[in-house]
Amino acid sequence: MTTRVLVAGASGYIGRHVVMELLRREHEVVALLRRDTTWDLNHPNLETVRVELTEPGAWTGAIQPCSAIVSCLASRTGGVEDARRVEFDANSELLKAAVSWQVSRFVLLSAICVQKPRLAFQREKLRFEGALQSSGVPWTIVRATAFFKSLSGQIERVLSGKPFFVFGDGTLTACKPIAEEDLAAYLVDRLRDPAAAGVILPVGGPGPAITPREQAALLARLLGKPVPVRALPPGLFLLFAAVLKPLGFFSSRLRDREEFFRIAHFYATESMLLWSEESQQYRADLTPEAGSKGLEDCYRGLIDGDATHDLGEHKLF
Ligand SMILES: NC(=O)c1ccc[n+]([C@@H]2O[C@H](COP(=O)([O-])OP(=O)(O)OC[C@H]3O[C@@H](n4cnc5c(N)ncnc54)[C@H](OP(=O)(O)O)[C@@H]3O)[C@@H](O)[C@H]2O)c1
């Protein structure tokens with residue numbers, strides 16, 4: 001049965017794959033795009049609508065009602081104000097549409113890092129998760145682990161002979177990364193999964209979990225040559241953040257810079273795995289897995305030049 005699905009964040013890394021997966025399954029798709037976002041996908045079942053969700057004004061009038069919504073919205077910067085405007089305000093606009101259209105499911109792509117909410121964008125994500133849960137709209141929240149793009153930022157540097165950076169000894173963190181196609185299929189599957197209604201689903205890719213030190217070793221194996229590893233102390237990020245903190249009172253740009261260093265410190269020290277309150281540790285064995293594509297396939301594609309990942313403002317190195 002064909003469903004008409006609204007995809008928000010359709011131009012993003014995962015959103016674009018959700019659109020393609022829905023079209024592959026012959027659903028009708030409404031891709032919500034910002035006014036100036038470039039877009040090159042065309043398909044008879046695809047409609048594009050340009051709106052600014054963060055600006056006041058009615059926007060649903062231009063759209064025939066949809067029966068489901070998938071939100072892959074994300075603040076591109078993680079800045080304090082942008083996080084509020086995108087993670088909470090823009091998603092809240094979608095929720096209003098979900099209520100008026102009486103959708104059968106609102107699937108929200110969230111992040112596993114909200115388990116330890118220390119950053120502005122994590123708190124805004126949680127705030128919207130709460131609003132969605134209490135809205136009366138049938139919902140599913142998918143808290144994904146790291147995406148392949150988040151583990152691919154250093155490949156270009158390594159290919160040009162530069163070292164692979166790790167924090168601490170390179171084993172402080174681990175994750176079960178998930179491929180964009182696999183996550184997109186998982187999200188689309190949840191639209192009609194009765195067991196996923198009213199449930200928060202943490203999900204990663206196929207295991208085992210991998211540390212940054214192991215990522216460097218994987219790259220060395222695929223390249224057939226040693227990859228020099230350079231260790232950095234993650235505390236550096238907190239030092240930079242502390243220096244910027246007083247200046248943040250005078251400038252939102254500097255406040256966002258401070259937040260950026262705090263985000264960097266978080267990812268340098270926290271695993272993207274399920275956190276067990278009981279054992280007070282990250283548990284790879286308890287982190288659910290989906291999909292079949294492994295990080296090795298992704299790295300091979302990037303090394304061979306068959307694939308690219310647009311890292312945008314998420315790139316650290
Ligand atoms: N990166 C990871 O490893 C990771 C891991 C787990 C979970 N997640 C979560 O997964 C979700 C999707 O991530 P992603 O990497 O696919 O995101 P992304 O590539 O950064 O895409 C973000 C999407 O949100 C849209 N957007 C940003 N600001 C907007 C605004 N002001 N108004 C309307 N739309 C706006 C963007 O539109 P434009 O193209 O117009 O900018 C884009 O379509 C996020 O919630 C993220 O936190 C990420």
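Me: Which residues of H5 are buried?

Reply: The buried residues of H5 are Glu180, Asp182, Leu183, Ala184, Tyr186, Leu187, Val188 and Arg190, where buried means that 20 or more other C-beta atoms, placed from the backbone, lie within 10 Å of a residue's own. Helices such as this are DSSP runs (H or I, at least four residues; strands are E, at least two), numbered from the N terminus. Eight of the 11 residues of helix H5 (residues 180–190) are buried, so H5 is largely enclosed by the rest of the structure. Please keep in mind that this is a predicted model, in which local features need pLDDT of at least 70 and side-chain atom pairs count only at pLDDT 80 or more, while totals for chains, interfaces and linings use all residues. Residues are numbered from 1 along each chain as its sequence is written.

Me: Which elements do the buried residues of H5 pack against?

Reply: They pack against H1, strand S4 (68–71), S5, strand S6 (139–144) and strand S8 (199–203), with contact taken as C-beta atoms, placed from the backbone, within 7 Å.

Me: How is the packing of two helices described?

Reply: Two packed helices are described by the angle between their axes and the distance between the axes. Here the axes (lines fitted to C-alpha atoms over the stretch in contact, with angles from 0 to 180 degrees between N-to-C directions) of H2 and helix H3 (residues 120–133) come within 8 Å and cross at roughly 15°. That makes H2 roughly parallel to H3, the term for angles under 35 degrees, just as those over 145 count as roughly antiparallel. The crossing of H2 and H3 is right-handed, that is, the near helix is turned clockwise from the far one by less than a right angle.

Me: At what angle do H7 and H8 pack?

Reply: Helix H7 (residues 235–244) and helix H8 (residues 252–269) pack at about 160°, with axes 8 Å apart, which means that H7 is roughly antiparallel to H8. Their crossing is left-handed, and the contact includes Phe237 and Leu244 of H7 and Phe261 and His265 of H8.

Me: Which residues come nearest to the ligand?

Reply: Of the 26 residues around the ligand (C-beta atom, placed from the backbone, within 6 Å), Gly9, Gly12, Ala74, Ala111 and Ser150 come nearest. Helix H1 (13–24), helix H2 (80–101) and strand S5 (105–111) are the elements that give two or more residues to this shell.

Terms used. Parallel < 35°, antiparallel > 145°, perpendicular 65-115°, else oblique. Contact = placed C-beta atoms within 7 Å. Buried ≥ 20, exposed ≤ 12 C-beta atoms within 10 Å, placed from the backbone.
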